[in-house]
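Please read it alongside the sequence and the model shown here.

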Amino acid sequence: MELKLEGITKSYNKGKTYAVNDFHADFTPGVYGLLGPNGAGKSTLMNMITENLDADSGSITLDGASIKKMGTAYRSLLGYMPQQQGVYDDFTGEKFLWYMAALKGLGRKDTKETIERILAVVNLQGDRYKKLKSYSGGMKQRILIAQALLNDPKILIMDEPTAGLDPKERIRIRNFISDISKDKIVLLATHVVSDVESISKEILIMKSGRVVRQGTPQELLLEMEHKVFEALVTPKERKEYEGASFKIANVVLTADKVCLRVVSDIRPDIGEVHEVRPNLEDVYLYFVE
């Protein structure tokens with residue numbers, strides 16, 4: 001299975017503002033992390049993949065067939081968890097899932113078993129009869145994840161799936177996504193590096209509607225060798241760093257000094273400096289900020 005995007009472009013204001021600009025990618029089963037700040041074009045891209053938006057130009061094909069020509073056959077393969085928490089407040093969690101299953105055309109017998117299994121996955125068994133208006137933000141995120149999984153989709157699109165979740169729930173959902181990705185194409189958009197660093201087959205870093213870097217986590221880390229440093233500095237020396245063009249990834253205060261994590265093409269020479277191993281947050285800062 002291959003989902004192929006070629007030259008996808010979406011603009012607004014009569015072509016003056018590009019939300020997505022000449023996007024190219026080939027997706028096969030596995031998890032793909034779409035990393036980028038708010039406004040990078042991640043949500044717009046996902047809305048075009050799910051046919052909620054039409055691209056101005058370019059093509060999207062699944063195994064060589066245009067998704068527009070495939071129509072309902074393509075949409076039946078999709079599971080989509082949007083970023084916006086659009087739920088029916090007067091529905092209970094369980095009723096909402098039954099309603100979404102009906103919209104997807106699922107049979108009643110299979111739906112009952114599926115809802116039981118998915119409620120366990122998202123840890124909402126005990127809240128299934130509560131109305132959605134009483135759900136916390138994190139609970140609404142989990143019920144949206146649940147509805148995206150109802151039809152056992154082959155292409156799973158998730159926009160900020162762990163927003164509002166506590167650390168334990170983030171880990172639970174992340175592990176589940178990894179487990180189901182063997183026979184699915186999973187596109188996970190986020191600006192939180194930890195959501196994708198351990199489970200992604202590839203990471204695409206987006207900025208201003210374009211992919212500025214793409215590769216496996218290992219490939220991206222390799223690019224950052226000799227570009228990440230820690231500098232132990234005085235408060236005065238810290239101001240020198242902040243006034244220069246260095247990217248500061250982290251700041252740790254000690255008793256009388258400050259430890260800075262610095263991302264730079266050149267080795268800094270202010271304070272006590274040593275090179276350290278890069279991580280994906282360093283990659284993100286280097287290409288996006």
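Four strands, in the order E12-E13-E11-E14, make up an open sheet with antiparallel pairing. Its edges are strand E12 (247-253) and strand E14 (272-275), each of which pairs on one side only, and from one strand to the next the twist averages 20 degrees. This is a predicted model, in which local features need pLDDT of at least 70 and side-chain atom pairs count only at pLDDT 80 or more, while totals for chains, interfaces and linings use all residues. Residues are numbered from 1 along each chain as its sequence is written, and side-chain values use heavy atoms, with hydrogens and water left out.

**Terms for the sheet**

- Helices (H or I, at least four residues) and strands (E, at least two) are DSSP runs numbered from the N terminus, and two strands pair if DSSP finds at least two bridges between them.
- Angles run from 0 to 180 degrees between N-to-C directions, with axes fitted as lines to C-alpha atoms, for helices over the stretch in contact; contact means heavy atoms within 4.5 Å.

**Strand E13 and its partners**

- Strand E11 (residues 228-233) pairs with strand E13 (residues 258-263) in the antiparallel sense over six bridges; Phe-229 has Val-262 in E13 as its bridge partner, and Glu-230 stands opposite Arg-261 in E13.
- E12 is also joined to E13 by six bridges, the two running antiparallel, and Val-262 in E13 is the bridge partner of Ile-248.
- E12 and E13 form a hairpin, with four residues between them.
- Six of the six residues of E13 are buried (under 20% relative accessible area, with exposed over 50% and partly exposed in between, for a 1.4 Å probe and protein chains only), so this strand is largely enclosed by the rest of the structure.

- Helix H9 (residues 235-243) lies across E11, E12, E13 and E14, and runs at about 145 degrees to E11.
- Helix H10 (residues 280-288) lies across E11, E12 and E13, and runs at about 135 degrees to E12.

**Salt bridges**

- A search of the whole structure finds 16 salt bridges, each defined as a side-chain nitrogen of Lys or Arg within 4 Å of a carboxyl oxygen of Asp or Glu.
- Arg-261 forms a salt bridge with Asp-282, with the closest N and O atoms 2.8 Å apart; Arg-261 lies in strand E13 and Asp-282 in helix H10, so the pair ties together parts that are 21 residues apart in sequence, and both Arg-261 and Asp-282 are buried.
- Salt bridges that share partners join Glu-94, Glu-116 and Arg-128 into one network.
- Lys-184 and Asp-152 meet through their side chains in a salt bridge (2.5 Å, N to O); Lys-184 lies in the loop between helix H7 (167-180) and strand E8 (185-190), and Asp-152 in the loop between helix H6 (137-148) and strand E7 (155-159), so the pair ties together parts that are 32 residues apart in sequence.
- Lys-184 is buried, with a relative accessible area of 4%, whereas Asp-152 is partly exposed at 48%.
- Glu-51 forms a salt bridge with Arg-75, with the closest N and O atoms 2.9 Å apart; this pair links distant parts of the chain, 24 residues apart, with Glu-51 in the loop between helix H1 (42-49) and strand E4 (57-62) and Arg-75 in helix H3 (residues 72-75).
- Glu-51 is partly exposed, with a relative accessible area of 21%, and Arg-75 counts as partly exposed at 41%.
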